[in-house]
Amino acid sequence: MALSDEPAAGGPEEEAEDETLAFGAALEAFGESAETRALLGRLREVHGGGAEREVALERFRVIMDKYQEQPHLLDPHLEWMMNLLLDIVQDQTSPASLVHLAFKFLYIITKVRGYKTFLRLFPHEVADVEPVLDLVTIQNPKDHEAWETRYMLLLWLSVTCLIPFDFSRLDGNLLTQPGQARMSIMDRILQIAESYLIVSDKARDAAAVLVSRFITRPDVKQSKMAEFLDWSLCNLARSSFQTMQGVITMDGTLQALAQIFKHGKREDCLPYAATVLRCLDGCRLPESNQTLLRKLGVKLVQRLGLTFLKPKVAAWRYQRGCRSLAANLQLLTQGQSEQKPLILTEDDDEDDDVPEGVERVIEQLLVGLKDKDTVVRWSAAKGIGRMAGRLPRALADDVVGSVLDCFSFQETDKAWHGGCLALAELGRRGLLLPSRLVDVVAVILKALTYDEKRGACSVGTNVRDAACYVCWAFARAYEPQELKPFVTAISSALVIAAVFDRDINCRRAASAAFQENVGRQGTFPHGIDILTTADYFAVGNRSNCFLVISVFIAGFPEYTQPMIDHLVTMKISHWDGVIRELAARALHNLAQQAPEFSATQVFPRLLSMTLSPDLHMRHGSILACAEVAYALYKLAAQENRGLGGQLMRQAVCVLIEKLSLSKMPFRGDTVIDGWQWLINDTLRHLHLISSHSRQQMKDAAVSALAALCSEYYMKEPGEADPAIQVETGFYCIGQAGIELLTSGDPPASASQSSGITEELITQYLAELRNPEEMTRCGFSLALGALPGFLLKGRLQQVLTGLRAVTHTSPEDVSFAESRRDGLKAIARICQTVGVKAGAPDEAVCGENVSQIYCALLGCMDDYTTDSRGDVGTWVRKAAMTSLMDLTLLLARSQPELIEAHTCERIMCCVAQQASEKIDRFRAHAASVFLTLLHFDSPPIPHVPHRGELEKLFPRSDVASVNWSAPSQAFPRITQLLGLPTYRYHVLLGLVVSLGGLTESTIRHSTQSLFEYMKGIQSDPQALGSFSGTLLQIFEDNLLNERVSVPLLKTLDHVLTHGCFDIFTTEEDHPFAVKLLALCKKEIKNSKDIQKLLSGIAVFCEMVQFPGDVRRQALLQLCLLLCHRFPLIRKTTASQVYETLLTYSDVVGADVLDEVVTVLSDTAWDAELAVVREQRNRLCDLLGVPRPQLVPQPGAC
């Protein structure tokens, strides 16, 4: 179900305003008016052919195609464009090539705007009939280069046929010479129409339009309708859809007949309807393989059926009392319900005899519902709805019964799809009475899960999508009390389709139908809560639906068991292996929501399904059994872990560490295996330990591991003992594991052992990919704590695993603690193995140092935030510490491994952190920066601007400066802005600080920045470089909320304090132009109040820049005066008022008083219609174009 099928929830004017802001000034109006006028004016010069002609044509196509989505913007300009082109056409001196070119341009306009809108603008006076007719007559139907000319001329001729004068008056004296007679106007038009109905180009479509307008004229239908219909039926009888020419002829003829019976009066068409129907039956169109012919056949059949029946509105139809969504919701909140009673008339609609042809028409429409092509089925469904609306109640009910016959499992998916479309159409028109809902809802629930396997895939996507459309239509068609008995079944089915359907279109259609029912019916359980999670965009990701959204929805008891039942019944045996795996994992998650139901009902069913002869069912049920069993186990295991277990584990880990450090004689004893198992199990289950004890437990386990390995796994210094067999036992802890804490013996099932180096490191590296963050943390630190002899020969593998932990991916973006501990582990390993040339698997060397630096530096950009705040701070702090430790290690051993670009990046990144807003973090960054700068054993090579840095930060001041105090830190760090290498990073950090929330940080960072800028006011080059860096930061961080919002606040400050006043002397200064463009991009479509408020302030300050920048800034402010948020409108008006009083040269003195009066007296939080009128008045006074409303396509 397409989104365009859904009516907007708000009013069209409100949505139009949203569209205006969404598209910006570029699509507020036809912006290429002047270029188009010039282009059309040059046609006489370029028509001769060659490159210029093609360039002009192609440019016009590009301009018009830009407005395909908003063609109404062309409406004010259609008349002058047509006049320019028709002047060329009507000019007798225009060569044929120029006329054809003009018609090509007219066709391009028609293609974008639609011929129905464009048609009204053609001249259609009496004097235009013969000239147009003469132009059509001289055309060559076989000229394939001029088909646009013929198409447009036929459309023009069709509109001239609407003149209210008898055509015979235009003929005059038909005898021009004795013995010779010329054809009448009427005959000429008919001859032309008939000749073009059988051509192979698009002129055929225009000829059908011409026929429908011409034949239905009062003066023509008497003398020509019968003749034309006879000609048409003869054409149909002679033509065969087996040949290409036959298809073309039948296409044109069917189009013409369908249009005639659509636009003609019933009393004029009725005498011929039965004959046309008999001829149509003889054409056997349902047997044709041409989709278009079958569609036209269905369309003509329904028009014939409507001709047989008198036009009337069925008095027996169901009428919902309140069709307004807003009024419906208001009644629901008041606990009221308003419904017009179902009015049934007993005799009036039974007195009319139903014509004989109606039954044949309905029969053919029912056959059309089962057609293999969607367009044919959709046309048949609309025909069923239209016909049923004119039938007596009993016959219409028979039609509904026939439609329900489509929902048989002997029928194909095509019949199910057509049936759904027909039911939706009947319901939408009120022709499906509540008494039928029991039968209808039953088949719709089946259709929502319809999925038939065909070979290696399945069919049914379109059926499920159409079933969602039916649910959507019913929400709008019936009162809540009518659907109340079916609410539970429909809501569960739609939720299941929204989260568990394989196809994204069906999931989104189900979500839209659920949303419509929540809004229109108001009876769906927990509807609003579910919609906020399972909205149109959220259900786009299939894995997210199965594994995340489903868990949230299953938290509501009304949906838990239906969701589990659906997974077991439908998805476990699905033909797609990916769906079976996702369903099994979803059952794992849902089992925790309903453990008793899963254990007593689901698990036995899954076990019985493992014996099925169907391979897919066996595979899915075995996966599901495993997942459900593991989920139930975890629930049971959590009950066995508590405060006592935490205290004992920590105490035992401390005991292991102290016994190892005491060199107790346990080498080779089995107790070492028990110790190793306990450490591993503790690290693996850190996530089950309370958060306040977790860090202590982790530290205790890692310290115990380091001491254990160093004492009991080493044969000689630097060599592992090959005789030692270490228990790594990676298995799930159960009751036996709990007993181990008191007995000291691992379970017997954990007796598999392997060599220490291979197995221990391999298993630890495998745990780095564990989905639990705390498990990654524990094993990262464990690898970092291993002694050097265990890392020997495996260093590269360990570093690769740890680098993967520090890498941020979409799946684990919130795992900040694991990235922090991975960085700590890398630094500790580097300290452990040291530096040694040419040994990448044993120590840090030239072959691996660049990869290590890359991992550490990559984490300097980690700004992850969650409910705990800026958790990326932990990662960046660990990265800085690790960078410092590694750099000092290399400087002491092999300083030549520190490359210039690496050192520069380290110093710049650390300087950026030293200028940011968190006090303790800024102090740590400054400490790292100064340590690297002043290290002299030996000095760090390649430090950029070392001499200037040592003057700015002398050693004597290191101890006396409190870098956590903003008053001491920012005046010093701001001095780095004068060094080109550091300017970008330091300014980026200052921007974040200046746009922060802490008052002292904002005050001191702002003062420091203003002091620096004050010092460069007399240096244009320095000021230009600074402004360029500021714009570069803006461009690099566009739509990055962390930087862009503070940056807008920074720009407001510096512009307010006149830091860029020197640029205001030049009209349209490049700095102002680029800044305006970036600001417009930043706030476009934004709903962030803070960003919009900051953007308003910047736009107000930008009016001090003369030229087009000022006009564009005022235009943006005018747009914001009609923003959908009242707060934004009021704030914009207030700030514009202050700005105009501050910068008096922005508005002329003659209108200033009126402008400020409008700004101050208007209630900007009033309705948009009132506000818009005042806004437009301001636009006129300020000399900027009025923004144009852009209606949303499909808005009701």
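Colleague: Let's start with H19. What covers the buried residues of H19?

Modeller: Bear in mind that this is a predicted model. The cover over the buried residues of H19 includes helix H17 (356-368), H18, helix H20 (413-428) and helix H21 (437-447).

Colleague: And which residues of H19 are the buried ones?

Modeller: Ala396, Val399, Val400, Gly401, Val403 and Leu404.

Colleague: How far does H19 reach from its first C-alpha to its last?

Modeller: H19, residues 393-404, reaches 17 Å with its 12 residues. That is close to the 16 Å expected at 1.5 Å a residue.

Colleague: You mentioned H18. At what angle do H15 and H18 pack?

Modeller: About 5 degrees, and their axes are 9 Å apart. H15 covers residues 291-308 and H18 covers residues 374-388. The two are therefore roughly parallel to each other.

Colleague: Which residues make that contact?

Modeller: From H15, Thr291, Arg294, Lys295, Val298, Lys299, Gln302, Arg303, Gly305 and Leu306. From H18, Val375, Val376, Ser379, Ala380, Lys382, Gly383, Arg386 and Met387.

Colleague: How many of those are nonpolar, polar and charged?

Modeller: The contact of H15 with H18 has six nonpolar residues, five polar and six charged.

Colleague: Which residues of H4 are buried?

Modeller: Arg53, Ala56, Leu57, Phe60, Ile63 and Met64 are the buried residues of H4. Their arc around the axis is only 125 degrees, so they sit on the same side of H4.

Colleague: Why would residues three or four places apart point the same way?

Modeller: Because an α-helix has 3.6 residues a turn.

Colleague: What is exposed on the other side of H4?

Modeller: Ala51 and Val55. As for the buried residues of H4, their cover includes helix H2 (33-41), helix H3 (43-46), helix H5 (75-90) and helix H6 (96-113).

Colleague: How does His945 count by relative accessibility?

Modeller: His945 counts as partly exposed, at 25%. His526 has a positive phi near 55 degrees as well, and it lies in the loop between helix H25 (504-520) and helix H26 (527-533). At 31% relative accessibility, His526 counts as partly exposed.

Colleague: And Asp171, buried or exposed?

Modeller: Buried, because its relative accessible area is 8%, under the 20% cut-off. Asp171 is in the loop between helix H9 (147-160) and strand E1 (175-177). Its C-alpha is 8.9 Å from that of Met186, 15 residues apart along the chain.

Colleague: Last one, on the whole protein. How many helices and strands are there?

Modeller: 57 helices and eight strands. Of the 1196 residues, 53% are buried. Among contacts between residues at least 6 apart in sequence, 73% join residues at least 24 apart.

Notes: Residues numbered from 1 in each chain as written. Predicted model: local features only at pLDDT ≥ 70, side-chain atom pairs only at ≥ 80, totals over all residues. Heavy atoms only, no water. Axes fitted to C-alpha atoms, helices over the stretch in contact; angles between N-to-C directions. Helix = DSSP H or I, 4+ residues; strand = E, 2+ residues; numbered from the N terminus. Parallel < 35°, antiparallel > 145°, perpendicular 65-115°, else oblique. Contact = heavy atoms within 4.5 Å. Nonpolar A, V, L, I, M, F, W, Y, C, P; charged D, E, K, R; others polar. Buried < 20%, exposed > 50% of the residue type's maximum accessible area, 1.4 Å probe, protein only. Arc of directions from axis to C-beta. Expected span 1.5 Å × (residues − 1).
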